[in-house]
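Here's a protein chain to walk through together.

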Amino acid sequence: MSRKLFAIALLMHLFRPALMTAGQAGQALNLMPGSAAPALALEKILQAPSGAKTDWESLRGKVVVLEFWATWCAPCIALQPHLNALAEKFKDQPVYFISVSDEPEEIVTPFLSRRPLKGWVGLDPKHVTVKAYGVYAIPKTFVIDQRGKIVTSMSSVAEGEKLSEDLLNQLLKSNAAATATNRPKEQPAAPEIKTRASSNQPLIAKSSGQPTTSGKTKAIEDEPLLDISIRFSRAAEGTTARISSVPLGFSAQGAKLEFILGDLLMANHLSFPGTRMSIPAELREKRFDIIATLQPELQSDKMGFNRPLIVSALESALGIKISRVTHEADVFVLTAPKELNGSLRPTKATGGHSSADEGVLAASSMELSSLVAAIEKKLNVPVVDETGLRGKFDWDLVWDAKNPQSFLEAIRKQFGLELAPAKRQVEMVIVEKSRVD
């Protein structure tokens, strides 16, 4: 999955306070170039002059770069150097950079002391401004002209880095009293991307049985207890893979076996890591579409669906055997021989979020197991936690993505943790062919 698609998919799931359904997001659909920018209803403004205001009448005649971000958002942190460089270049010109977070001041202020943001920082803990701009995923950047009209908007790091000096200089040349003939042209809406449903026959069609009755629950007689469809995916290359676990259901679209099994075999609310899986080469790159629906009688865990049943269906459909074994393996051991440094710290936040981007890991109110999983994914080697640290933490780790060694150095310098190669007993998932096709 590309960095852009991964970041958007992940943050849509994590940024729950601003998440809206298609029906609720109707206002955001009107925020096209040329539309009036909604009001900035901010609870407080940091790093601004005394008496600074963010209503559009006060900002008239100024170009505004409005950025939605969070301390736990790795793509936001990855975008910071670009926005800071622009803010520095235009610091003596009528261009304002306003960064809006929904987090409380006690979370934002310590972050800014470690990773400064140039410009004003607005606090929107009640999500009034977030909702007004229809922000469902971050980072999200809006450029607003001198008349309070939206010029363009950008999502993700890749799009945000396209914000250029040329665009800002062009806007500065068209003064606050720009005529209609000089205002930026409206950009056409992005074409709707439609994926064609796969028409190939499922490897497994339907498994059904007679419903049973138990106390207060009685299944509808003409509905199957278990309905599973497994197909080889025909999703176009580059399409975002999606996996969803809902009460009495599981679905995967265009997903590789590694990620499907990672979800089905998850432990302690974390996906089973692909670094601890052995999958035959002929299955490793294949992608699948899966839809499974269950009746309440088949519930076997708190998530609502019966994971072992779906694993068994995969074994039957693909002619494989999936085993969990424990044996000695080469690993990295994570220890905490020194005091924790500033960017790994006990949390003051209430909601758990985590994300990753190129050269950045960030989180808010997460257990250390989440950090260990992220490190393991980055190193592609099992990581064993022997720090003894308990509780929930915030972190923001930044390193030179072009220098792999800098990752280990960053963990040591920014967290006060050590990673060392060793051998340990670890649990592995082994996928073997059980039949010859």
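**Starting from one valine**

V65 lies in strand β2; helices (H or I, at least four residues) and strands (E, at least two) are DSSP runs, numbered from the N terminus. Before going on, a word on what you're looking at: this is a predicted model, where local features need pLDDT of at least 70, side-chain atom pairs count only at pLDDT 80 or more, and totals for chains, interfaces and linings use all residues. Residues are numbered from 1 along each chain as its sequence is written, and side-chain values use heavy atoms, with hydrogens and water left out.

Is V65 buried or exposed? V65 has a relative accessibility of 2%, so it counts as buried. Here "buried" means under 20% relative accessible area, "exposed" means over 50%, and "partly exposed" is in between (1.4 Å probe, protein chains only). Leaving aside neighbours within four places in sequence, V65 is in contact with V95, Y96, F97, I98, T141, F142, L163 and L168, where contact means heavy atoms within 4.5 Å. Take V95 from that list: V65 and V95 are 30 residues apart in sequence, but their C-alpha atoms are 7.5 Å apart in space.

Now look at strand β3. It pairs with β2 in the parallel sense over 6 bridges; two strands pair if DSSP finds at least two bridges between them. In this pairing, E67 sits opposite S99 of β3. Strand β3 is mostly covered, with 6 of its 7 residues buried.

**A hole inside**

Rolling a probe the size of a water molecule over the atoms shows where empty space is left. How many cavities of 30 Å³ or more does a search of the whole structure find? The search turns up 4. A cavity is a set of points, on a 1 Å grid over the protein atoms alone, where a 1.4 Å probe fits but cannot get out; lining residues have an atom within 4 Å of a point. Grid points are joined across faces, edges and corners, and a volume is the space filled by probe spheres set on the points.

The largest cavity holds about 60 Å³ of space. Our valine is back again: V65 belongs to the lining, together with E67, L83, N84, A87, F97, I98, S99, L117 and K118. The elements giving two or more residues to that lining are β2 (63-68), α3 (74-89) and β3 (95-101).

**Around strand β19**

R345 is buried, with a relative accessible area of 19%. Strand β15 pairs with β19 in the antiparallel sense over 3 bridges, and R345 stands opposite D394 there. The R345 side chain also makes a polar contact with the side chain of D396, at 3.5 Å. (A polar contact is a pair of N or O atoms within 3.5 Å; within protein, one must be able to donate a hydrogen and the other to accept it, and residues adjacent in sequence count only if both atoms are side-chain atoms.)

Strand β19 (residues 392-398) is largely enclosed by the rest of the structure, because 5 of its 7 residues are buried. It pairs with β17 as well, in the antiparallel sense over 6 bridges, with L361 and L397 as bridge partners.

Most residues other than glycine have a negative phi, and most peptide bonds are trans. S365, in strand β17 (residues 360-367), has a positive phi near 55 degrees, and S365 is buried at 5% relative accessibility. N380 has a positive phi too, about 60 degrees. N380 is in the loop between α11 (368-379) and β18, and it is exposed, with a relative accessible area of 57%. Finally, a cis peptide bond joins I138 and P139, with omega about 5 degrees; P139 is in the loop between α5 (128-132) and β5 (140-144).

**Stepping back**

What does the chain's secondary structure come to? There are 12 helices and 20 strands. Of the 437 residues in the chain, 45% are buried. Among contacts between residues at least 6 apart in sequence, 77% join residues at least 24 apart.

Methods
1 Å grid on protein atoms, 1.4 Å probe; cavity = no way out; pocket = protein on both sides within 12 Å on 5 of 7 lines; lining within 4 Å.
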